[in-house]
Amino acid sequence: MNAPTSARIVPMDDSGTFPRAPRTLDETGLPLLFLVELATKLLFLRGQMRLTEISHHLHLPASVLEALLAFMRTERVCEVVRRGETDGDILFGLTDAGRARASEFLARCKYAGPAPVSLADYTEQTDRQSVTKMRITREDVNDAFRDLIINPEVRDQLGAAMGSGRAMFLYGPAGAGKTYLAERLSLLLEGNVAVPHAIMVDGEIIQVFDPLIHTPVDDGQRPAGLDNLQRADLRWVRCQRPVAITGGELTMRMLDLHYDMSTGYYQAPPHVKANNGIFVVDDLGRQLVKPEQLMNRWIVPMDRRHDYLALHSGTKFSLPFDVVLVFSTNLMPSEVADPAFLRRLGYKIHIGPMNEDEYRNIFTRVCEERGVPYDETAFRTLLDDYHKVHKKPLLACFPRDIIGQIADLARYRGEPARLTPDALHWAWHNYFASR
């Protein structure tokens, strides 16, 4: 009764993109004995349970669980404790032999959550909803960035890069807005995707769904009771396309599977959790490892659109690398990678200083947000007597920071915030630590 391990056609719901619930044990794509182990651990940890409760916790439909529990009863792992008026009211519990086996199972792996999906099904589903299949037009970009003050050339570069699905390298001085733009690329992601709670590889559990990265979409698919007619496979969560952002804390080890010896199962690395979405490596160059090492880690995945990971047993396997990879750094491209790698970077996008009109627009908007009356004379003073004299470029971060200083001082003094010469002088020299 073991399910086949080769790739198979995953039933889909009416939308054509979300997996349909399995109707049989074989359709789960999981070995029978693995499902026995999972259900046994659940009953051990939670005690006697009704079929509806088991279905709710394992995210499997009644038709699958009825066959599974029937097999477990024949193997004297579980038993019917009490019958009710309906099949859903039947109360199941472990036998003495079942409890002994549960202890053995839990000693090896404590995972007792939603049933995982197979690696073959995960690979097929990830390809079906690939981020490279999105079609992004100039109208989409204009709509998504309509509230941003951004250079039109940079806007078109970002739009073309997102539409291609290729990696991009955002570089320029600190404060130019690279991180902000990288985060706002999520506005160009369209459609929802199916994210599994976990996947099974060679008998091991790898947890994928992460509430810090994945935002579920309430689609009303969860049934109220024993359904067997449910259309959505609840082992998958319908989510917005994910965005994962890492910074100076990123290490090479974080890009591999993390095995927790206390629980006996794995956490997927951040770029796997970001599949079908965006993975941002922010502040490249601030990590403990050399930028070249981090960049070289991505050569094969960027070329072949899949990555190789290894279990602690030594088993290696391939899984999709379906992300828009975004590097953000203050360094020049030539400082962090060799020509061979730079050729693989689809887009090198410079985010630099703004022109005067763009800077004024940001300054005006920040004044409005902070309740500080805009004054053109004060703005000209800022440009001529401070930026030009001190040779400071017009970077996107300065208006918010300088006006924030003025607002802070006014609040401290208990007076209205104004763009007075004294306030500008105080904010500038306080912010730039100059005399």
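I began with glutamine 405, which in this predicted model lies in helix H16, spanning residues 398–413. Once neighbours within four places in sequence are set aside, glutamine 405 is in contact with Trp426, Ala427, Asn430 and Tyr431.

I turned next to the salt bridges, for which the count comes to 22, and looked up three of them.

In helix H1 (residues 32–46), I noted lysine 41 and glutamate 37, which lie four residues apart, about one turn of the helix. They form a salt bridge with the closest N and O atoms 3.7 Å apart, and both residues are buried.

Arginine 184 and aspartate 147 form another salt bridge, with 3.1 Å between the closest N and O atoms. This pair links distant parts of the chain, since arginine 184 is in helix H8 (residues 178–184), while aspartate 147, 37 residues away, sits in the loop between helix H6 (138–144) and helix H7 (152–164). I recorded arginine 184 as buried at 17% relative accessible area, whereas aspartate 147 is partly exposed at 37%.

Last, I checked arginine 360 and glutamate 356, whose side chains meet in a salt bridge at 3.4 Å, N to O. They are four residues apart in helix H14 (residues 356–370), so about one helical turn separates them. Arginine 360 is buried at 18%, but glutamate 356 is partly exposed at 31%. Both belong to a network of salt bridges that also links Asp357, Glu376, Arg380, Asp384 and Lys388.

How values were computed:
Residues numbered from 1 in each chain as written. Predicted model: local features only at pLDDT ≥ 70, side-chain atom pairs only at ≥ 80, totals over all residues. Heavy atoms only, no water. Helix = DSSP H or I, 4+ residues; strand = E, 2+ residues; numbered from the N terminus. Contact = heavy atoms within 4.5 Å. Salt bridge = Lys/Arg side-chain N within 4 Å of Asp/Glu carboxyl O. Buried < 20%, exposed > 50% of the residue type's maximum accessible area, 1.4 Å probe, protein only.
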